[in-house]
Amino acid sequence: MEEVGELTIHEGGDSCDQELIQIDKFTSDVEEAAIKLLASRALTALELRKKLLGKRFSPDSVEAVINKFQRRGFINDRLYAETFSQSRWTSSSWGPRRIKQALFKKGVSQADAEKAVEVVFKDNDCAEDHKSVIGLSKHSMDHLYTQASKQWFRSQNVLKETRKSRIVRWLQYRGFDWHVINIILKKLDRQDQNSP
């Protein structure tokens, strides 16, 4: 945090000087609150703005601190989007559509959200023939198939059509489109036919 220098105001001092001292104090309070919020977890600029305005700080002071923190790299919506996307994909198996929707709600721009999803779901290092037509890397499809298989085998004693509808709902809820859902269903169906 930057230190605010003291201004000595002589009697009969300029009211402009008094306003500067007041602004510096408010900005310092806003910075301190922002640092405490960011220390607990990463936030987008929009999330931080909402939290600071909720603490009744002036909008001008909040904007000044957010701009300052963005310039210094303390707030980076693009990096936040990539980290959030990776986390939701690995821990919750969320699909691209659901991740983007959550990022938009958090105030991440469409360009940053698209780039983050691309980083997570498309493997730029693999050869062209290993890339999937549906926009997911082979690694992402394998991961999704593994997660779907776990869901599939949890309900082995249920009718096949019920199992299929459960998988469809499970994948739709996570934001996958019909093309991906059909591929996963076909793989699960083949696996079911091959098992004893």
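The questions and answers below go through a predicted model of one chain and the terms used to describe it.

Q: How do you know which residues and atoms the values rest on?
A: Because the model is predicted, local features need pLDDT of at least 70 and side-chain atom pairs count only at pLDDT 80 or more, whereas totals for chains, interfaces and linings use all residues. Residues are numbered from 1 along each chain as its sequence is written, and side-chain values use heavy atoms, with hydrogens and water left out.

Q: Why is Leu37 called buried?
A: Buried means under 20% relative accessible area, exposed over 50%, and partly exposed in between, with a 1.4 Å probe and protein chains only. Leu37, which is placed in helix H1 (residues 15-40), has a relative accessible area of 16% and so counts as buried. Across the chain, buried residues make up 35% of the 196 residues.

Q: What does Leu37 touch?
A: With contact taken as heavy atoms within 4.5 Å, and not counting residues up to four places away in sequence, Leu37 touches Leu43, Leu48, Lys51, Leu52 and Lys55. For Leu37 and Leu52, the separation is 15 residues in sequence and 8.9 Å in space, C-alpha to C-alpha.

Q: Why is Val119 called partly exposed?
A: Val119, found in helix H6, has 40% relative accessibility, and so it counts as partly exposed. Val119 and Glu82 are 37 residues apart in sequence, and their C-alpha atoms are 7.2 Å apart in space.

Q: How do you know that the buried residues of H2 line one face of the helix?
A: In helix H2 (residues 45-54), the buried residues are Ala45, Glu47, Leu48 and Leu52. Seen down the axis of H2, these buried residues fall within an arc of 160°, so they line one face; the arc is that of the directions from the helix axis to the C-beta atoms. On the other side of H2, Lys50 and Gly54 are exposed.

Q: What makes the crossing of H2 and H3 right-handed?
A: A crossing is right-handed if the near helix is turned clockwise from the far one by less than a right angle, and left-handed if anticlockwise; H2 passes H3 in a right-handed crossing. The axes of H2 and helix H3 (residues 59-72) come within 10 Å and cross at roughly 145°, the axes being lines fitted to C-alpha atoms, for helices over the stretch in contact, with angles from 0 to 180 degrees between N-to-C directions. The contact is made by Ala45, Leu48, Arg49, Leu52 and Leu53 of H2 together with Pro59, Val62, Glu63, Ile66 and Gln70 of H3.

Q: How many residues of the contact of H2 with H3 are nonpolar, polar and charged?
A: The residues divide into seven nonpolar, one polar and two charged, where Ala, Val, Leu, Ile, Met, Phe, Trp, Tyr, Cys and Pro count as nonpolar, Asp, Glu, Lys and Arg as charged, and the others, Gly among them, as polar.

Q: What makes the phi of Arg56 worth a remark?
A: Arg56 has a positive phi of about 70° although it is not a glycine. Most residues other than glycine have a negative phi. Arg56 is placed in the loop between H2 and H3, and its relative accessible area of 76% is why it is called exposed.

Q: Which residues of helix H5 (residues 96-105) are buried, and what covers them?
A: The buried residues of H5 are Pro96, Arg98, Ile99, Lys100, Ala102 and Leu103, and what covers them includes helix H4 (77-92), helix H6 (110-121) and helix H8 (160-173). Just after H5, Gly107 takes a positive phi of about 90°.

Definitions and conventions:
Helices (H or I, at least four residues) and strands (E, at least two) are DSSP runs, numbered from the N terminus.
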